[in-house]
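Visitor: I'd like to see how the labels on a model follow from its numbers. Could you take me through some of them?

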Amino acid sequence: MTALEEAAHPHRIHVAPVTTTTDLEAVYAIRDEVFHREQQLTRFVRDDPDDRFSLNVLAAVDGVPVGTGRVTLFGDEAQIAWVAVRKPYRQLGVGRAIMVFLIDWSRQQGARYVTLNAQTHALEFYRKLGFVPVGRRFFMAHIEHQMMVLTLTNQDETENGVA
């Protein structure tokens, strides 16, 4: 990283798969803070049955756990959910780092599409990552959402003229 890049991004963001129960507890704590206490969306942030066969990630800023997200594979589709960043750490690039990690992992697993249900206040964030809205908006609890999809282009297919 150059000195200019270091000055532009003074915080070190690290995103990694959850591999320990301690990390999973940090994921649940972030989900609780954002989705339950802050947004009153749901109090059921633990023991989601999809967690058992999904990739959960934990994002840290300067070693402090501050964000999370999850991706679940269904055939050639990856579904991203539970993306959350603690309020004091928003606007630092944490959410983007989580999404880039989940999208890249999905591509490596052979997914052709990534879907998610975006809260409408975050539509522009997801659009900048290449997601497009699909269908009508809907309410989950009291928060308006929009299904979005990102079509992944496999580098091999593009080079061979298949895509």
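Visitor: What should I know about the model itself?

Guide: This is a predicted model, where local features need pLDDT of at least 70 and side-chain atom pairs count only at pLDDT 80 or more, while totals for chains, interfaces and linings use all residues. Residues are numbered from 1 along each chain as its sequence is written, and side-chain values use heavy atoms, leaving out hydrogens and water.

Visitor: How many aromatic pairs does a search of the whole structure find?

Guide: Three. Rings of Phe, Tyr and Trp (its six-membered ring) pair if their centres lie within 6.5 Å; planes under 30 degrees apart count as stacked, over 60 as edge-to-face and the rest as tilted.

Visitor: What makes the rings of phenylalanine 35 and tryptophan 82 a pair, and of which kind?

Guide: Their centres are 5.3 Å apart and their planes stand at 75°, so the pair is edge-to-face. This pair links distant parts of the chain, 47 residues apart: phenylalanine 35 is in helix H2 (residues 21-38) and tryptophan 82 in strand S4 (residues 77-85). Helices (H or I, at least four residues) and strands (E, at least two) are DSSP runs, numbered from the N terminus.

Visitor: And what kind of pair do phenylalanine 125 and tyrosine 126 form?

Guide: With centres 4.9 Å apart and planes at 75°, the pair is edge-to-face. Phenylalanine 125, at 30% relative accessibility, counts as partly exposed, whereas tyrosine 126, at 9%, counts as buried. Ring pairs link Phe125, Tyr126 and Phe131 into a cluster.

Visitor: Which residue lies over the face of tryptophan 82?

Guide: Arginine 31, at 4.2 Å from the ring centre. The rule asks for NZ of Lys or CZ of Arg within 6 Å of the ring centre and within 35 degrees of the ring normal.

How values were computed: Buried < 20%, exposed > 50% of the residue type's maximum accessible area, 1.4 Å probe, protein only.
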